[in-house]
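This briefing goes through selected contacts and surface features, grouped by topic. Please read it with the sequence and the model side by side.

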Amino acid sequence: MFDMVMMLSLLILAVSTLFYFYRLVKGPTVPDRVVALDAIGINLIGMTAVISVVLKTNAFLDVILLLGILAFIGTVAFSKFLEKGEIIENDRDQ
Amino acid sequence: MSFLHLAILLPFIMALFVPFFYKWFKNIHTGWFVLILPIILFIYFFQYIKPVSSGSNTYSTADWIPSLGIQLTVYMDGLGLLFALLISGIGALVILYSIYYLSGKKEELHKFYVYLLLFMGAMLGVVLSDNMVVLYTFWELTSLSSFLLIGYWHTREKSRYGALKSMLITVFGGLCMLGGIILLYLVTNTFSIREMVTQAPIIMEHAYFLPAMLLFLLGAFTKSAQFPFYIWLPDAMEAPTPVSAYLHSATMVKAGIYLTARFTPVFGLAPEWFWLVTGIGIFTLAWGSFHAIKQTDLKAILAFSTVSQLGLIMSLLGAGAASLHFESIDNNVFTIATVAAIFHLINHATFKGSLFMVAGIVDHETGTRDIRRLGGLMTLMPITFTIAIIGAFSMAGIPPFNGFLSKEMFFTGMVNLLEFDLFNVDTWGILFPILAWIGSIFTFIYSMIIVFKPFTGKHQPEKLEKKPHEAPFGMLISPIILASLAVLFGIFPNVLSYSLIEPAAASVLPYLLEEGESFHVHISHWHGFKIELFMTLGVIVLGLLLYIWLAKWNKIYRLFPQKWTLNNAYDRSLRGLEKGSLKIQEAYMTGFLRDYLGYIFTFAVLMTGWALFSKSAFSFKTDGNAPVGVYEFVLAAVMVAGTVTVLFAKSRLTSIIALGSVGYGVSLFFVFFRAPDLALTQLVIETVSVALFLLCFYYLPELQKREKLPFKLTNFIISLGVGTVVTLVALSANSQRVSETISKYFIENSYKEAGGKNMVNVILVDFRGFDTLFEITVLGIAALGIFSMIKLRMSRGEKS
């Protein structure tokens, strides 16, 4: 029963990833896509957590933390790029 | 190491010192120093006449590469001695002549004598080596030094052309010969020519016999300017005249003759040898003499005459090989052909050397070699004229000069072939004496042209650049000596018979002789009323008539269009080769990376696919595979969709985002397949590389074409092929595991041996830390590379 629930939640997460992916491909504007990518990252966190439970291991907890950080960094980088056209500003260039 | 070795090496050693002589003794002509060497060598070789003619040959070995059977073996027998005497003797005369011919002030003498000494040493090496690899080494050295000598006046276009042509043709032949040497080595397991001769019956039976023989003949024919490879010789006349006299009449062109003679005992029994050597020789004789007449340059006439005379000697060697089919020398009429070949070889060296020197004198004193501008030099240059008469009459075969004797023997040899009853000679054999006779008539005509056109007739001083006068005495010494030899050998031919000719013939036809036997060589002027005599009479009469009416029938030479000449064929094939290779290169070296990638991928797909197909290596087994969950399917679908999006995205940004999603998907797969370290790294790297892509974006021009990538069918097919093949290989590899993995060891020992519980990390830094070290190095190099690429942008015109 427990396994069933876990599998079901994994499946739901996967399907939701698929839908996010639809938004990523289709998304009329680039910000739509960036948000979709961010959400995919968060979904991956969920999936990793569920997998960890299924596999009865705590080896992937690092991955969850890292995903959180990276999804944030990635989104910020994209946002900055969309905002200013570059990621790392060079003071001397201005 | 004997003194004979030293004799070969001495010219090379001397060549080392020549530039110093040139530099230190500016006032003395460098040639005087060089002259000493060939004279010493000649005297040294002269001492061998007695032992060699009494049948004791000298043999001496020095180590070079003994592990490969390559030894510096010198072997002095009749043939080698004859050539060594020719090389050193005529070498001395030519150097003496060149002292007066080349001006010490205008010419770069040190180069000239270095090249000439190189050539002399190489040529001595060719004729005295018993080891075939050593022979080949010296053979190529003669080609090389000949190339340098022909191109001596390297500022002239024609010299360079002639040098290149002779180089290409003779090196082509040399390489063929090397092939023949290797084949013979495979058959007999020795490089020694003497041992090869003893194994001749084994070689005859072997499958490599014919290819080896043909390759050897190619080498001999290119070097000795036989049809159709003679074309380099007339162009080699751009060399200084001493060089033409030495290399292109007396010595180098006879290296091919030497090779043919040397290998007659090995190959001589084959019918192909007989037909090729005799046939091509006799054809070259007729062809060369026929074409000599239309030349207007004295040296060009002499070049074609050399070609034709070499053909004569070659055909005689071929005819002489017929004698090998008899058990002994009793009643063996064909041995006379070999004797005649050797005799004519000596004679040709004497009269052709002197004629070249005459041509050089005429050129030197009048400023031209064109027979149309020359005339009436007889009274101005009486000595030169006398030498020319002796040389040319000897070449034409007029008594009492030596050419007459060898020509008579040549006719005898050719007529004797009619009695030869093997290889269908009875049907086509009649052509030999006929062609020989026709060739001799033309020989007679051009010999007359050489003498009478420049020296008789009307003197036209206005056409000449200089006021002609007799040459300085020093220049005349060498041709006088050669001409006297021509007369001497003509009147007393038997001084040569048992001293030089018989031992040489004995080494060409070694196993005909019993112990203590020798060839009967007696050269006499008077044979009685035989067919040869009438042939000679016919040659003289017909030749004279044709010479007198030369102007009338001269026009037939215009019948042959320039297009059909062999020179034209050579030039065209060379140009065609260049153009063709340029075209091929331009066709596939497009300069576009995508084309090269196309070749690489196509090749990989075709080779791998062909291997899979031809070895029927594909297999697909599912047992042992893990079950696949639904979420894995969904994730795979996401990744496929991401990949497809990358391909069909309209903007680059979409591609990058899609690529990022694929990377994240991969990291989730790592999670599914229980690889936490990989997942961690993959996530970080994916994020960093997406950020890097975005960084690049800033510097790209405004998202250029926002349209889709253009669809190309070939690219599509190639990429499909690559994907299919790689997938098939992966499936087959997975289905055909042959042994257990070694991971068990790591599982058991990572804590026990290395004290770590994270097995991946233990492998990375402990069991296989070496790889990690160099991955670190790679990263370091990449970082440094990026740093220097950004910082050092000199091509942008900034300060360095």
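Helices (H or I, at least four residues) and strands (E, at least two) are DSSP runs, numbered from the N terminus. The model is predicted, so local features need pLDDT of at least 70 and side-chain atom pairs count only at pLDDT 80 or more, while totals for chains, interfaces and linings use all residues. Residues are numbered from 1 along each chain as its sequence is written, chains are lettered from A and ligands numbered from 1 in the order in which they are written, and side-chain values use heavy atoms, with hydrogens and water left out.

**Surface patch**

- Helix α1 (residues 3–24) of chain B gives the nonpolar patch its largest share, eight residues.
- The patch lies on the surface and has about 1100 Å² of accessible area together; among its members are B:Phe3, B:Trp24, B:Trp32 and B:Tyr100.
- Patches are made of residues with over 30% relative accessible area and no salt bridge; like charges are joined within 9 Å, and nonpolar side chains (Val, Leu, Ile, Met, Phe, Trp, Tyr) within 5 Å.
- Accessible areas come from the Shrake-Rupley method with a 1.4 Å probe, and for residues only the protein chains shown count as cover.
- B:Leu9, another name in the patch, is placed in helix α1 of chain B.
- The relative accessible area of B:Leu9 is 31%, which means partly exposed (buried is under 20%, exposed over 50%, partly exposed in between, with a 1.4 Å probe and protein chains only).

**Strand pairing**

- Strands β1 (residues 58–65) and β2 (residues 70–76) of chain B run antiparallel and are joined by seven bridges (two strands pair if DSSP finds at least two bridges between them).
- B:Asp63 has B:Gln71 in β2(B) as its bridge partner.
- Four residues stand between the strands of this hairpin, where B:Gly69 takes a positive phi near 75°.

**Aromatic pairs and charges over rings**

- Over all chains, the whole structure has 43 aromatic pairs. Rings of Phe, Tyr and Trp (its six-membered ring) pair if their centres lie within 6.5 Å; planes under 30 degrees apart count as stacked, over 60 as edge-to-face and the rest as tilted.
- One of the pairs is B:Phe119 with B:Tyr246, edge-to-face at 5.4 Å centre to centre and 80° between the planes. Because B:Phe119 lies in helix α5 (residues 109–128) of chain B and B:Tyr246 in helix α12 (residues 241–250) of chain B, the pair ties together parts that are 127 residues apart in sequence.
- B:Phe119 has 0% relative accessibility and so counts as buried; B:Tyr246, at 0%, also counts as buried.
- B:Phe267 and B:Trp273 are stacked, with 5.6 Å centre to centre and 25° between the planes, and both residues are buried.
- B:Phe267 and B:Trp273 also belong to a cluster linked by ring pairs, together with B:Phe209, B:Phe216 and B:Phe263.
- The charged end of B:Arg194 sits over the ring of B:Tyr59, 3.5 Å from its centre. A charge sits over a ring if NZ of Lys or CZ of Arg is within 6 Å of the ring centre and within 35 degrees of the ring normal.
- Over the face of B:Trp139 lies B:Lys223, at 5.2 Å from the ring centre.

**Salt bridges**

- Seven salt bridges are found over all chains (a side-chain nitrogen of Lys or Arg within 4 Å of a carboxyl oxygen of Asp or Glu).
- In the salt bridge of B:Arg262 with B:Asp77, the closest N and O atoms are 2.8 Å apart. B:Arg262 lies in helix α13 (residues 253–267) of chain B and B:Asp77 in the loop between β2 and α4 (78–101) of chain B, so the pair ties together parts that are 185 residues apart in sequence.
- B:Arg262 and B:Asp77 are both buried.
- B:Glu108 forms a salt bridge with B:Lys111, at 3.3 Å between the closest N and O atoms. B:Glu108 is partly exposed at 33% relative accessible area, and B:Lys111 is partly exposed at 29%.
- B:Glu157 and B:Arg160 form a salt bridge whose closest N and O atoms are 3.7 Å apart. These two residues are three residues apart in helix α7 (residues 157–188) of chain B, so about one helical turn separates B:Glu157 from B:Arg160.
- B:Glu157 is exposed, with 56% relative accessible area, whereas B:Arg160 is partly exposed, with 41%.
- A network of salt bridges links B:Asp297, B:Asp363 and B:Arg369.
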